[in-house]
Amino acid sequence: MELNISLAPDILFYIGSLPVTNTLIGSFVISAVIIAAMLLVKKRLKKDTPGKFQNLVEFLMSGAYDFVVSIIGSEKKAKKIFPLAFTLFIFILVANLATFIPGQAAVTFNRGGESVAIFRAVMADYGMVFVMTMITVILVQIVAIAVHGPFGYMGKFFNFKSPLSFFLGLMDIVGELAKIVSLSFRLFGNIFAGEVLGAVMLFLAPFLVPLPFMFLGLLSAVVQAFVFAVLTVVFVKLASEIEEEELVEEASM
Amino acid sequence: MELEAAKMLGAGIAIGLGAIGPGIGEGIAASKALEAIGRNPEASGKIVPLMFVSMAIAESTAIYALVISLIILFG
Amino acid sequence: MELFEALGLNVKILLAQLVNFAVLLFVIYKFGYGPIMKVLNDRQNKIEKGIKDANEAKEKLVEIGNKEKEVLAEARREAQEIIKKAQAIAEESKAEVVEITKQEAAKIMADTKKKIEQERAQIMSEVKGEISELIITATEKIIGKKMDAQEDKRLVEEIVGGIK
């Protein structure tokens, strides 16, 4: 038995020039599952007498919505950001939990003589995480520009009042870039580390020993989905807030 | 020392040292949150999510260390 | 950079995943988030409306109770008034009756007095007539007897005294 750890997802085959990786298939499958569940909810949606399934979905959604409102502080903003945050949460959660379905590692695909696992934790593909992070970060920048105006937005980074504030403005640029790195690598690192840890433990002792680590993985699967969605909301909230300094400036103008 | 071995050593040290701070920090966050819940159990619904968020933010440093070690290894 | 290669970043895969995620977001927004939140909102509105209606009904009930009390009080007051008026009227008519009775009594008394007076006068005149006749007869009789001046005078005086 050989320990096989790769940072990148494995390419299964090519459609035209598009390389199809195992995580790409995984994300499609998970999307399809979520879409199917949503369509089912939509179809069986009853107005006044919800069934068990609808109750569960409603509980999840209204709970998440109330939580988003409590973070962002305004119903209007919450309504705008909630669909994205909820989608991120559900997608990451389902993708993470799907890795705990047993027997996946046994399914392999033969590519030119070497066997490649078809299923891989979707969030252990940096590409997928990077896409979601970019959506969040670009959205945050758009919100910031919309709230502060293009000049106010640029003024936050290029400030010539004093050398110190100029330096702090430059640090803000670094901070924005660091946001991309920390947000994406947090999710990727956690899930990838969980996968590697599980693989190593399985490699060392296949029975019972990996169990505690799997529980840990289960916890981090839920927590990371939660954290990613909440951080998205928090970043949007921070971007959409008008700082006191600006208010003072506006008042004095 | 070979360059390859030095890289591996550097990456390991980077992530190892980088994980110390957030480890301590997250432990403090968790202990304080549990203290708060112990004092006021009704507020646990509010404290736990905030604890996870602040722990995630404290984790950033370890993530930067992870990125650095990945860059050292593959960059 | 080698790191990107090691991480397996590929523009085409990124695009594919972006599209995938966008579709997922759209579907959740269209079929999950929208309708479910609408249903939840509707239900909340309904509950709020129900509570509002219940409160309104309660208020109305209280109002109706107050009105009932008011009406009762009004009715009682009116009844009291009517009774008072009736009493006043009764009092008035009683006084009137008493007055009339008194007047009548007075009138009867006066009449009676008058009648008595008249009768007395009549009786008097009759008596006088009879006395005169008696006197005349008596006189005739006495005259028939022996009469002297002294006796005559005494007789006359006696008679006159008796008349008086």
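Here are some questions and answers about the predicted model above.

In this predicted model, local features need pLDDT of at least 70 and side-chain atom pairs count only at pLDDT 80 or more, while totals for chains, interfaces and linings use all residues. Residues are numbered from 1 along each chain as its sequence is written, chains are lettered from A and ligands numbered from 1 in the order in which they are written, and side-chain values use heavy atoms, with hydrogens and water left out.

User: In what order do the elements of chain B run from the N terminus on?

Analyst: Happy to start there. Helices (H or I, at least four residues) and strands (E, at least two) are DSSP runs, numbered from the N terminus. Chain B has 3 helices and 0 strands. From the N terminus on, its order is α-α-α.

User: Which elements do the buried residues of α2(B) pack against?

Analyst: Buried means under 20% relative accessible area, exposed over 50%, and partly exposed in between (1.4 Å probe, protein chains only). The buried residues of this helix are B:Ile47, B:Pro49, B:Met51, B:Val53, B:Met55 and B:Ala56. Taking contact as heavy atoms within 4.5 Å, their partners are α1 (3-39) and α3 (60-74) of chain B, together with α2 (52-72), α5 (163-204) and α6 (210-240) of chain A.

User: Is A:Phe215 buried or exposed?

Analyst: A:Phe215 sits in helix α6 of chain A. Its relative accessible area is 58%, so A:Phe215 is exposed.

User: What area is buried between chain A and chain C?

Analyst: The size of an interface is often given as the accessible area lost when the parts come together. Here buried area is that loss (1.4 Å probe), summed over both parts. The contact takes 47 residues from chain A and 32 residues from chain C. Carbon and sulfur atoms give 77% of the buried area, which is about 3500 Å².

User: How many salt bridges are there between chain A and chain C?

Analyst: A salt bridge is a side-chain nitrogen of Lys or Arg within 4 Å of a carboxyl oxygen of Asp or Glu. Between chain A and chain C, the count is 0.

Technical notes:
Buried area = accessible area lost by both parts, 1.4 Å probe.
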